[in-house]
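Work through the exercises below with the sequence and the model open. Try each task before reading its solution.

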Amino acid sequence: ITSRVTKPVDSSQLDNIKNIILVSSGKGGVGKSTVASNLAIALAADGAKVGLIDADIYGPSVPTMFGLIDAKPNARETAAGKTLILPIEKYGIKLLSLGFFADPNQPVPWRGPMASNAIKQLFNDADWGELDYLIVDLPPGTGDIHITITQSFPIAGAVIVTTPQQVALADTRKGLQMFRMPGINIPILGVIENMAYFTPAELPDNRYYIFGRNGGRALASGFEVPFLGEIPIVQSITEAGDKGAPIALNLESPLAAVFSEIAGRVA
Ligand code: ADP
């Protein structure tokens, strides 16, 4: 994709970032953070310089998914006297999460403007350096954070994650419409259908469409946006995420190839 600057840039820290890509979902729990993390890893495995911002204020998952529960980013001072947060680097990816700045055992009762300011700092006051892709894991739904990010930064496009379930699809439609609203107008790079089907180990030729069949594909064609691929329900995806080493790192897993193909369609 070619980066389309949709909004004025208000920070020099972003000058060397080629593409800011949002990963969005209508509902929580559909695997948005799982997809964002594995997509970042698959893009990096392909040789790209990648950063990941976890903007999910309600439940930041990046610290867990990257095994960085107790990590605290350092800062450095620029020659001009500005303090810059240093993203934490793991698996070759530069990471920042609001979770790094909060006690993981305490809920963070953000008010809208506070959360928006905190998010802006992760973009503007961080030492991102040169990146081919900065992936942004958005909170679910359509809220303050979405407005802040889409209005404040030059976004190349949004990737939409859904499960094939009707209730998820209904909310995903709203999310898609938000990106197309005048004044927001972010290109939609495509839809990823997560938890598309389940195949039990003892019945390797069977596919069970637990949440319904082809819902994400149908949604993509209804909105005339690309269908980027489907990801099955696999226990190792959850286990790898919980362990702090997303499945796409395991190049022997067929799932690494699935994420790599999806990354190829996004790139
Ligand atoms: P979201 O960011 O949309 O809230 P998460 O990425 O945190 O969702 O995923 C929710 C839960 O589902 C996590 O425990 C995650 O490991 C699990 N999960 C996500 N995608 C899959 C999948 N394809 N197969 C199995 N488990 C998955």
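Predicted model: local features only at pLDDT ≥ 70, side-chain atom pairs only at ≥ 80, totals over all residues.

Residues are numbered from 1 along each chain as its sequence is written.

**Exercise 1. The faces of helix 7**

Task: Find which residues of helix 7 are buried, and state what covers them.

Solution. 
- Step 1: Helices (H or I, at least four residues) and strands (E, at least two) are DSSP runs, numbered from the N terminus. A residue is buried if 20 or more other C-beta atoms lie within 10 Å of its own, exposed if 12 or fewer, and partly exposed in between; C-beta atoms are placed from the backbone.
- Step 2: sort the residues. In helix 7 (residues 235-243), the buried ones are I237, A240 and G241. They sit on the same side of the helix, because they cover an arc of only 100° around the axis. The arc is taken over the directions from the helix axis to the C-beta atoms.
- Step 3: turn to the other side. There, Q235, S236, E239 and D242 are exposed.
- Step 4: find the cover. It includes helix 1 (32-45), helix 2 (62-65) and helix 8 (254-266). Contact requires C-beta atoms, placed from the backbone, within 7 Å.
- Step 5: step past the end. Just after helix 7, G244 has a positive phi of about 90°.

**Exercise 2. Helix 5 as a check on geometry**

Task: Compare the span of helix 5 with its expected value, then locate its buried face.

Solution. 
- Step 1: the expected span is 1.5 Å times one less than the number of residues. Helix 5 (residues 166-179) has 14 residues and reaches 20 Å from first C-alpha to last, close to the 20 Å expected.
- Step 2: list the buried residues. They are A168, L169, T172, G175, L176 and F179. These fall within an arc of 115° seen down the axis, so they line one face of helix 5.
- Step 3: on the other side, Q166, V167, K174 and Q177 are exposed.
- Step 4: name the partners. The buried residues pack against strand 1, strand 8 (157-162), strand 9 and helix 6 (215-222).

**Exercise 3. The ligand shell**

Task: Which residues come nearest to the ligand, and which elements supply the shell?

Solution. 
- Step 1: a residue is near if its C-beta atom, placed from the backbone, lies within 6 Å. Of the 17 residues around the ligand, G31, K32, S33, T34 and T238 come nearest.
- Step 2: helix 1, strand 9 (188-198), strand 10 (227-233) and helix 7 each supply at least two shell residues.
- Step 3: look at K32. K32 is in helix 1. K32 is buried, with 26 other C-beta atoms within 10 Å. Beyond residues up to four places away in sequence, K32 touches V23, S25, D137, P140 and V161.
- Step 4: look at G29. G29 lies in the loop between strand 1 (17-24) and helix 1. G29 is exposed, with 12 other C-beta atoms within 10 Å.

**Exercise 4. A245 in its loop**

Task: Where does A245 lie, and which residues is A245 in contact with?

Solution. 
- Step 1: A245 is in the loop between helix 7 and helix 8.
- Step 2: A245 counts as partly exposed, with 17 C-beta neighbours inside 10 Å.
- Step 3: leaving aside neighbours within four places in sequence, A245 is in contact with G67 and A240.

Definitions and conventions
Contact = placed C-beta atoms within 7 Å.
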